[in-house]
2 protein chains.
Amino acid sequence: MAKVAQARQAGSLIESPDITPEELQLAVRNHSMPLEALRYAITPVGLHYLLIHFDIPTVDVADYELTVAGHVRKPLRFTLDQLAARPSTTLAVTLECAGNGRARLSPRPMSQPWLAEAVGTAEWTGTPLAPILEEAGVLDGAHDVVFTGLDRGVQGGVDQYYERSLSLTDAMRDEVLLAYAINGRPLPPQHGFPLRLIVPGWYGMTHVKWLRSITVLDRLFAGYQQARAYHQRATADDSGVPVTRMLPRALMVPPGVPDFMSRTRFVEPAMHTIEGRAWSGRAPISGVDFSADGGASWTEVTLDAPVSPFAWNGWSHRWGPTAVGEYELCVRATDAAGNVQPMDQSWNLEGVENNAVQRVHVVVGAAADRQEPADSR
Amino acid sequence: MAKVAQARQAGSLIESPDITPEELQLAVRNHSMPLEALRYAITPVGLHYLLIHFDIPTVDVADYELTVAGHVRKPLRFTLDQLAARPSTTLAVTLECAGNGRARLSPRPMSQPWLAEAVGTAEWTGTPLAPILEEAGVLDGAHDVVFTGLDRGVQGGVDQYYERSLSLTDAMRDEVLLAYAINGRPLPPQHGFPLRLIVPGWYGMTHVKWLRSITVLDRLFAGYQQARAYHQRATADDSGVPVTRMLPRALMVPPGVPDFMSRTRFVEPAMHTIEGRAWSGRAPISGVDFSADGGASWTEVTLDAPVSPFAWNGWSHRWGPTAVGEYELCVRATDAAGNVQPMDQSWNLEGVENNAVQRVHVVVGAAADRQEPADSR
């Protein structure tokens with residue numbers, strides 16, 4: 001099995017800043033949110049970031065059932081219609097991939113090579129999970145609640161269905177939803193049709209797509225995506241700290257116009273409104289700072305109210321470059337729990353929780369030759 | 001302007017199979033269609049491939065107007081409501097990026113690093129262009145019709161709005177639409193809201209998004225995206241052949257389940273239905289062949305009717321690997337004009353029109369350890 005052995009595995013460390021063909025296969029399938037989409041308080045569906053570990057499964061809704069079983073008094077089954085007939089809640093929730101920023105690390109852990117834009121905010125509609133667990137009657141000694149998807153594949157040498165768990169306490173929180181709609185429409189296949197778990201505040205790996213079952217365990221869940229993947233660890237021997245809630249991050253819409261290939265921004269020498277969003281899953285955003293000199297000096301920006309208690313805040317800042325030349329624009333979010341984005345990322349083996357400040361390289365002045373559009377002549 | 005000079009420019013040639021950080025910036029913004037989405041005759045919006053040269057512009061529909069002017073008797077203006085009140089047509093159209101397959105070339109032209117999946121089929125609703133040009137009264141001596149978008153950026157050192165042209169003859173074809181809806185809904189921002197040109201059969205660069213104006217010229221259009229980019233040429237001095245209609249291509253849904261990182265497929269030793277789609281913008285698809293031995297031998301597959309005269313055909317094939325081991329699955333489309341997909345790609349400077357056959361590496365047999373899902377215990 002030469003080719004299989006040859007392929008670099010998830011978790012290998014890459015010294016070069018260049019991206020391997022294996023990483024490219026993931027980069028062309030999955031996508032982040034183009035930064036100009038920060039303009040939308042609610043991200044249009046096709047612009048919301050997407051990470052799919054295995055393949056998108058096909059689901060015939062006529063055959064679909066969610067099972068709730070395990071360490072419960074009364075196992076339950078629900079069709080999609082039965083779930084949709086239950087009390088419903090709509091919540092705007094910001095979701096970010098735990099590996100966002102991974103491609104900026106050196107050496108770089110082999111996995112999805114995100115830059116900084118693996119984020120999105122959607123309005124999820126679903127039914128709260130807690131009353132369903134109450135109906136099932138969780139028995140004494142219950143520990144973890146496992147969420148199993150319909151998506152199957154191999155990771156780390158383990159053939160598995162995608163599964164993640166929550167502690168019973170976290171699973172019983174009011175805001176945890178079984179969502180069947182996004183932005184007012186049924187889930188599209190890539191966002192987990194027909195049903196997805198939504199756990200506001202947590203990184204994306206928690207929000208299990210294509211949810212087929214909920215299993216209450218009387219012990220710790222030791223599945224691959226829970227016990228091995230998604231840990232903040234320095235070495236393979238390190239037992240590590242599980243990845244849970246999102247650290248703060250602010251992103252700006254890059255001003256001006258881009259160069260197609262380098263994505264360098266060309267900006268007129270004038271006053272500009274720099275705008276963006278900031279979020280944290282740990283506490284409300286308490287402030288966002290802007291720098292036009294690569295972080296040497298900072299000014300506090302104007303912060304809007306959050307879109308929801310579980311979604312990002314808009315912010316804006318007036319910036320007027322006084323001289324033609326190059327600038328490095330940065331933004332930095334702080335949350336009410338005292339978490340601040342670092343200027344440089346501390347390294348970890350999986351490349352998770354990378355919330356270093358965004359840096360946008362800007363050239364103030366004319367780009368080059370100008371092609372007058374046909375309609376101006 | 002050190003960083004600008006340092007950045008590799010579109011069109012540079014890269015010897016290494018590894019992807020540069022500049023290419024990654026495009027790969028995380030744009031995305032192809034995950035191959036399992038070949039299951040859908042009509043691609044869900046968020047799964048349709050997307051290539052955006054510059055930034056997605058914001059458009060306030062209250063301010064929006066399409067202008068039709070230039071070498072015409074009576075210049076016209078239309079609001080979106082006025083366009084939507086005109087006769088409408090809905091067409092299923094397969095769109096593919098002209099650079100699809102570029103990342104497989106060696107050396108590799110610097111641009112969006114597509115593998116093989118930069119494709120999608122949508123139902124576009126709009127009003128035919130020809131009657132609008134007739135109302136405007138194209139004058140004698142008209143040559144090209146230029147379509148200008150609202151998206152602006154720098155490419156090849158030229159600050160430009162995205163613009164492409166068609167000959168008057170091509171622009172007057174019945175199937176050319178000004179589309180304001182996709183899959184029955186208004187265009188989302190990333191697909192050209194509020195209006196997009198649709199030219200069935202042509203590669204994606206023709207279907208100008210965020211269309212703001214149509215300008216009839218009494219001469220050849222010499223804009224960057226028309227005269228410099230999108231040519232099949234061997235060297236920079238070569239005047240080249242313009243890229244127009246799509247060459248044939250077939251793609252399969254990779255069978256079995258994937259390894260997360262290598263995307264190697266693990267398949268049970270049993271009978272499988274291999275399915276996929278095939279299309280050509282040159283002529284109807286006349287046949288699709290399947291190979292399980294890397295192209296050494298071929299079998300003709302079962303071909304369905306096309307989804308529309310301008311969209312792909314479904315196809316399927318029964319395959320039962322007789323032995324555990326590794327296989328290289330290939331599919332090859334032929335169209336009625338005699339165009340056949342090559343096994344190996346002939347090289348060109350921009351990496352356009354790469355329609356070499358797809359190769360899917362498959363391992364028949366068990367993957368590895370198996371994690372029983374929580375709901376099976």
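I count two strands as paired if DSSP finds at least two bridges between them. Helices (H or I, at least four residues) and strands (E, at least two) are DSSP runs, numbered from the N terminus.

The model is predicted: local features need pLDDT of at least 70, side-chain atom pairs count only at pLDDT 80 or more, and totals for chains, interfaces and linings use all residues. Residues are numbered from 1 along each chain as its sequence is written, and chains are lettered from A and ligands numbered from 1 in the order in which they are written.

**Pairing between chains.** I looked up strand E8 (residues 158-167) of chain A and found it paired with strand E25 (residues 369-370) of chain B, in the parallel sense and over two bridges. In E25(B), B:Arg370 stands opposite A:Asp159.

**Interface.** I take residues as in contact if their C-beta atoms, placed from the backbone, lie within 7 Å. On that basis 83 residues of chain B touch 83 residues of chain A. Helix H2 (residues 21-29) of chain B gives the most to its side, with seven residues. By class I get 43 nonpolar, 23 polar and 17 charged residues on the side of chain B. Here Ala, Val, Leu, Ile, Met, Phe, Trp, Tyr, Cys and Pro count as nonpolar, Asp, Glu, Lys and Arg as charged, and the others, Gly among them, as polar. The copies meet through the same surface, because 100% of the interface residues of chain B are also interface residues in chain A.

**Chain A.** I list six helices and 25 strands for chain A. The C-alpha trace of chain A spans about 70 × 50 × 45 Å along its principal axes. Of contacts in chain A between residues at least 6 apart in sequence, 72% join residues at least 24 apart.

**A sheet in chain B.** I noted an open sheet of four strands in chain B, in the order E15-E18-E22-E21, with antiparallel pairing. Its edge strands, each pairing on one side only, are E15 (249-252) and E21 (302-306) of chain B. Four bridges join E15(B) to strand E18 (residues 272-279) of chain B. B:Leu251 has B:Arg277 in E18(B) as its bridge partner.

Technical notes. Contact = placed C-beta atoms within 7 Å.
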